[in-house]
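Welcome, and thanks for taking a look at this one with me.

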Amino acid sequence: MSEPSEAEVKDPSQAAPAPPASTPEELLAAARQEAAASYDRYTRAVADLENFRKRAIRDKEELRLFAASGLMEDVIPILDNLSLGLAAAREQTDVQSIVNGVALVLEQFKTTLARHGLKEINPGDQRFDPNFHECISHQPSPDVAEEHVMQVVRLGYSLNGRLLRPASVIVSSGPAQEKKA
C-alpha cells in the first residue's frame, strides 16, 4: 500500500477555490451578486429582530395584564361569601353571628393571599427592626423592654420576601425616667 498523496490528506471540506473570473465585468457581476445576497440576509435579520422585539413587548404586556388572574380566581369565592354574609346580616338581629361570619371570611381571605405569597408582619413583643417596622411613636413602659414593640397600630405585609408595607408600631423607650429636682 502506498501512502496517500498530499492532495488526498487535505481536509475534504475545504473545496478548491473556483477559478478566477477571466474578465473584470465577470468579477464585478460576482461581487454585485454576493453583495445582493448579503444585503438580503441583512434585511431578513433586521426584520426578524424587529418581529422578535414586537413579540417580546406584546408578551410582556400580556403577562402584566393577566399575571394576577390566578389570584383573582381564588378571590372570587371570597367575594361570593362576603355577598352572602352581607345578605344574611341584613336579616339577622344577632350581632355575634354576623361577627363570626365576617371573621370566617377574613380568615379565608388571609389564607388565600398567603397561598399567593403574601405574608403578614405582626411584630408584637419583638425587638424593633427598621427594615420591617415603622416607628410612629416612643412611649415609656415598665413592662416592655426598651426598643421592643409595645403596640402594633397597623400590620405590615411582604410578598414573596419583598416588603410591601412596614408594620406601624409604637416602641417602648423603657421605664419612665424620674426627673431630678
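1. A definition to start with: a polar contact is a pair of N or O atoms within 3.5 Å, where, inside a protein, one atom must be able to donate a hydrogen and the other to accept it. With that in hand, look at the start of helix 4, where a side-chain oxygen of aspartate 94 comes to within 3.3 Å of the backbone nitrogen of glutamine 96. Please keep in mind throughout that this is a predicted model.

2. Now for the overall layout. The protein has four helices and six strands, and from the N terminus on they run α-α-α-α-β-β-β-β-β-β. Of its 181 residues, 12% are buried. The protein exposes about 14,900 Å², with carbon and sulfur atoms supplying 57% of that area. Among contacts with a separation of 6 or more, 61% are between residues 24 or more positions apart.

3. Helix 4 covers residues 95-115, 21 residues in all, and spans 31 Å from its first C-alpha to its last, close to the expected 30 Å. Which residues of helix 4 are buried? They are Val105, Thr112 and Leu113. Seen down the axis of helix 4, these buried residues fall within an arc of 95°, so they line one face of the helix. As background, an α-helix has 3.6 residues a turn, so residues three or four places apart point the same way.

4. What lies on either side of helix 4? The cover over its buried residues includes helix 3 (69-91) and strand 1 (118-121). On the face turned away from the buried side you will find the exposed residues Leu104 and Arg115. Just after helix 4, glycine 117 takes a positive phi of about 100°.

5. Next, the nonpolar core. The largest one has five residues: Ile121, Val149, Ala167, Val169 and Val171. Strand 6 (residues 167-172) gives the largest share of this core, three residues. In soluble globular proteins, nonpolar side chains tend to be buried together. Valine 171, one of the core residues, has contacts beyond its neighbours within four places in sequence, and these include Phe128, Cys135, Glu147 and Met150.

6. Histidine 133 sits in strand 2 (residues 133-139). Is histidine 133 buried or exposed? Its relative accessible area is 6%, so it counts as buried, the cut-off being under 20%. Away from its neighbours within four places in sequence, histidine 133 is in contact with Ile121, Val149, Ala167 and Val169, among others.

7. Aspartate 129 is in the loop between strand 1 and strand 2, and at 24% relative accessibility it counts as partly exposed. Its side chain reaches the backbone nitrogen of asparagine 131 at 2.9 Å. Aspartate 129 and valine 149 are 20 residues apart in sequence, and their C-alpha atoms are 9.2 Å apart in space.

8. Last, serine 141, which lies in the loop between strand 2 and strand 3 (149-154). At 8% relative accessibility, serine 141 counts as buried.

Terms used: Residues are numbered from 1 along each chain as its sequence is written. This is a predicted model: local features need pLDDT of at least 70, side-chain atom pairs count only at pLDDT 80 or more; totals for chains, interfaces and linings use all residues. Side-chain values use heavy atoms; hydrogens and water are left out. Helices (H or I, at least four residues) and strands (E, at least two) are DSSP runs, numbered from the N terminus. Buried means under 20% relative accessible area, exposed over 50%, partly exposed in between (1.4 Å probe, protein chains only). Contact means heavy atoms within 4.5 Å. The expected span of a helix is 1.5 Å times one less than its number of residues. The arc is that of the directions from the helix axis to the C-beta atoms. Accessible areas come from the Shrake-Rupley method with a 1.4 Å probe; for residues, only the protein chains shown count as cover. A nonpolar core is a set of buried Ala, Val, Leu, Ile, Met, Phe, Trp, Tyr and Cys residues joined through side-chain atoms within 4.5 Å.
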